[in-house]
Amino acid sequence: MRRILDVRIVRWELKLLYVAAAFGIGYPVRALLFAAGAAPFVPGLVDALVTIGAFVLGARLFRGNGEAIAPPRPWWRMTAWPTLSKNLGILFAFVAVSFVLIAVRVVQSDVQVYSLVDSGIGALQFAVLAFLYLNSAVRLTRRGIVKPERLRPPPRLRF
């Protein structure tokens with residue numbers, strides 16, 4: 001486990017790939033649990049825990065421009081800068097609210113029970129992620145950490 005935590009991801013392309021994998025890793029796990037005949041709430045719960053764990057691990061591995069590479073991040077720090085933490089926290093809070101609205105819709109339409117459970121688990125998963133990122137934004141702001149004006153020129157994309 002120590003070797004994994006010694007890896008640092010600094011390029012945005014690799015970060016994007018990691019986030020896509022973090023969201024996608026739960027689907028095969030969920031499918032295997034459904035195929036094994038697990039209770040209806042278990043696959044959603046395991047998927048949520050795996051996704052949250054992947055995001056927390058990613059926060060330990062990612063480094064922002066101008067952020068020190070070698071020392072480990074504090075447990076509460078999810079991003080390099082407070083603005084990014086705040087924006088991601090708001091995004092995840094919005095997704096959590098949308099899952100709550102889906103759950104309300106499921107209750108009103110009398111659909112299968114596990115759809116309601118999946119919506120509740122999804123709301124809880126994204127509420128936890130929103131809390132982690134908003135907590136990071138508050139703590140980074142309190143410590144006076146701000147993003148420098150321009151660390152390097154923006155990348156030029158060629159097609």
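P28 is partly exposed, with a relative accessible area of 46%; here buried means under 20% relative accessible area, exposed over 50%, and partly exposed in between, with a 1.4 Å probe and protein chains only. The model is predicted, so local features need pLDDT of at least 70 and side-chain atom pairs count only at pLDDT 80 or more, while totals for chains, interfaces and linings use all residues. Residues are numbered from 1 along each chain as its sequence is written, and side-chain values use heavy atoms, with hydrogens and water left out.

P28 sits in helix 3, residues 26–35; helices are DSSP runs of H or I with at least four residues, strands are runs of E with at least two, and both are numbered from the N terminus. The C-alpha atom of P28 is 9.0 Å from that of D47, 19 residues away along the chain.

Two packed helices are described by the angle between their axes and the distance between the axes. For helix 3 and helix 4, the axes come within 9 Å and cross at roughly 155°. Helix 3 is therefore roughly antiparallel to helix 4. Axes are lines fitted to C-alpha atoms, for helices over the stretch in contact, and angles run from 0 to 180 degrees between N-to-C directions. Angles under 35 degrees count as roughly parallel, over 145 as roughly antiparallel, 65 to 115 as roughly perpendicular and the rest as oblique.

In the model, residues 12–29 are 94% helix and 0% strand, with end C-alpha atoms 27 Å apart. For residues 41–62 the figures are 95% helix, 0% strand and 32 Å.

Next come the aromatic residues. The structure holds seven aromatic pairs; rings of Phe, Tyr and Trp (its six-membered ring) pair if their centres lie within 6.5 Å, and planes under 30 degrees apart count as stacked, over 60 as edge-to-face and the rest as tilted. One of the pairs is Y18 with F62, which is edge-to-face because the ring centres are 5.4 Å apart and the planes stand at 75°. Y18 lies in helix 2 (residues 12–24) and F62 in the loop between helix 4 (41–61) and helix 5 (82–109), so this pair ties together parts 44 residues apart in sequence. F62 is buried at 15% relative accessible area.

F23 and F55 are also edge-to-face, with centres 5.1 Å apart and planes at 65°. This pair links F23 in helix 2 to F55 in helix 4, 32 residues apart. F23 is partly exposed at 31%, whereas F55 is buried at 7%.

F23 and F55 belong to one aromatic cluster with F92, F99, F126 and Y133. F92, in helix 5, is buried at 6%. Beyond its neighbours within four places in sequence, F92 contacts F23, F55, F126, L129, A130 and Y133.

Definitions and conventions. Contact means heavy atoms within 4.5 Å.
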